[in-house]
Every structure is written in structure tokens, then in C-alpha cells.
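Please look through the model shown below before reading on. The paragraphs that follow lead through it step by step, with each term given its cut-offs where the term comes in.

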Amino acid sequence: MSHLLHIDSSVRGDVSVSRRLTARSADRWRSAHPGATVTYRDLGTDPIPHLDAATGLARMVTAQKRSAAQDVSFALSAELVDEIKQATTVLLGLPLYNFGPPSTVKATVDHLIATGLSIDTETHTGLLRDTDFIVLASRGGGYGPGTPREGWDHAQTWLTHALSVTGLQPRFITAELTTADANPKMAHLKPLAAESLNKALAAIDQLWTADEDEDAA
């Protein structure tokens, strides 16, 4: 049976654009997979703990050498990896904060990179490559080709590189200029912001229609 893992990370609640994008994606996914199941995680309200001196080596030492704190941390990694293994599709909301990912997403990825869980111990190949991974990204400014801040979005490149060892390959759908409505200095960019959002919503609406067409071919 198909199963969806839906993850949000924005701290902006109901006004979050990334949450709007993941909600629409989840609705579309449910419509395309009637009777399927969903697991939801909200990193904005229930964050994964960051690695620290007490837990950081939990994924690098043998079970016999782990401390009690490391055992707890490793068990959480196993839980998070298992959630992805059980999912046929993962949706991640990824807002851009200070030119990078939310720290809660970084913490989650740190837990996911674990030899023996997401990486084969002998071959070192990723064990999560069979999961469809869709990232719904939002950016307050403009970071596209030719803009003054082209290349300043470090969240998408980092996520792709970091998770490559696990086999997860993200597909990005991005809405940018999302702060144009609230920032008077960006008022002239409102039409471009609306265009970017509409393109993202249209891309979401085509996701599983395209998948179904491929399956039928």
C-alpha cells in the first residue's frame, strides 16, 4: 500500500508558504492514492534534537560502545530512517532561513545519515533510493539566474549533497519572492511573486498526474 511521509519545518504557522505548498501536495497525493496512509511530522513545533557532545558520535560507534544518551539518539535515527523506508513518497517543506535550511531540517538530516540504517555497511550505497522525495521550497527573495543573489540559496544544494549518501534524490518545486506582499520595498515584485507561486502550485497539481501517465504507458 502507498504511504506518505509529510514533513513541515516552517516556524511561521498559517502564513507559511512552504506549509501551503506541502498541504496542497498532500491533498493531491491523497486524491491520487485513495485509501493510502500518511505519517506527519512538524519540525517547527516538535523539532528533532541537534547532535551534541553527548549524542553526536552515536552513529559512528558500535552498539557496545554507546552511552545511554547515544542509545537514545541512535534509536531516534532508526525511527526516522524507518519512516522513510516505509514511505513511497516523502514531502518536505523547506523554507529558506538566512540563506540556508532551517536548523531543524539540518538536525533531521544529521540523524538520517547513519551507516547500517540508511547506508549499507559493506557497499556504502544508499538504502533510501526507492523513495520518491519531493521538496516544496519557499524563498522570501529572488535567487534565480541573473538576480543579485543568484547562488545564495544554500539550502537546496546542501540538501541534495547531504542526502546523496542515503540514496534520496530530491525533486524541488520552489516559490520565491514570498515576502513581497509584506515588504513595502518589494511591492514592485508582487506580480513576479504571484507568478512564481502559481507556477509552483501548477507543478504540484501535475505531480501525480504525470506519474500515473508514466505507469499507464
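A residue is called buried when its relative accessible area is under 20%, exposed when that area is over 50%, and partly exposed in between, as computed with a 1.4 Å probe on protein chains only. Helices (H or I, at least four residues) and strands (E, at least two) are DSSP runs, numbered from the N terminus. The model is a predicted one, in which local features need pLDDT of at least 70 and side-chain atom pairs count only at pLDDT 80 or more, whereas totals for chains, interfaces and linings use all residues. Residues are numbered from 1 along each chain as its sequence is written, and side-chain values use heavy atoms, with hydrogens and water left out.

With these terms in place, helix α3, which spans residues 103-112, can be described as mostly covered, since seven of its ten residues are buried. Those buried residues are Thr104, Val105, Ala107, Thr108, Val109, His111 and Leu112. They pack against helix α2 (68-86), strand β3 (89-95) and helix α4, where contact means heavy atoms within 4.5 Å.

Helix α4 also has a place in the path of the chain between two strands. Strand β4 (residues 132-139) and strand β5 (residues 170-176) pair in the parallel sense over seven bridges; two strands are taken to pair if DSSP finds at least two bridges between them. The chain crosses from β4 through helix α4 (residues 154-163) to β5, and this β-α-β crossover is right-handed, a term that applies if, with the strands pointing away from the viewer, the path from the first strand over the helix to the second runs clockwise. Within the pair of strands, Arg139 stands opposite Glu176 in β5.

Ser138 counts as buried because its relative accessible area is 8%.

The charged side chains come next. A salt bridge is a side-chain nitrogen of Lys or Arg within 4 Å of a carboxyl oxygen of Asp or Glu, and the structure holds twelve of them. One of these joins the side chains of Glu79 and Arg41, with an N to O distance of 2.9 Å, and this pair links distant parts of the chain, with Glu79 in helix α2 and Arg41 in strand β2, 38 residues apart. Arg41 also meets Glu83 in a salt bridge, at 2.8 Å from N to O, and here too distant parts of the chain are linked, with Arg41 in strand β2 and Glu83 in helix α2, 42 residues apart. Both Arg41 and Glu83 are buried, the relative accessible area of Arg41 being 15%, whereas Glu79 counts as partly exposed at 41% relative accessibility.

Another salt bridge, at 3.3 Å from N to O, is formed by the side chains of Glu195 and Lys199. Both residues lie in helix α5 (residues 190-216), four residues apart, about one turn of the helix. An α-helix has 3.6 residues a turn, so residues three or four places apart point the same way. Glu195 is partly exposed at 39% relative accessibility, and Lys199 is exposed with a relative accessible area of 54%.

Arg66, in the loop between β2 (37-42) and α2, has a contrasting setting. The backbone oxygen of Ala58 lies 3.1 Å from a polar atom of the Arg66 side chain. Leaving aside neighbours within four places in sequence, Arg66 is in contact with Ala58, Val61, Asp71 and Phe74.

Asn98, in the loop between β3 and α3, has a phi near 55 degrees, a positive value in a residue other than glycine, and Asn98 is exposed at 75% relative accessibility. Leu177, in the loop between β5 and α5, has a positive phi of about 60 degrees although it is not a glycine, and Leu177 counts as buried at 8% relative accessibility.

Terms used: A polar contact is a pair of N or O atoms within 3.5 Å; within protein, one must be able to donate a hydrogen and the other to accept it, and residues adjacent in sequence count only if both atoms are side-chain atoms.
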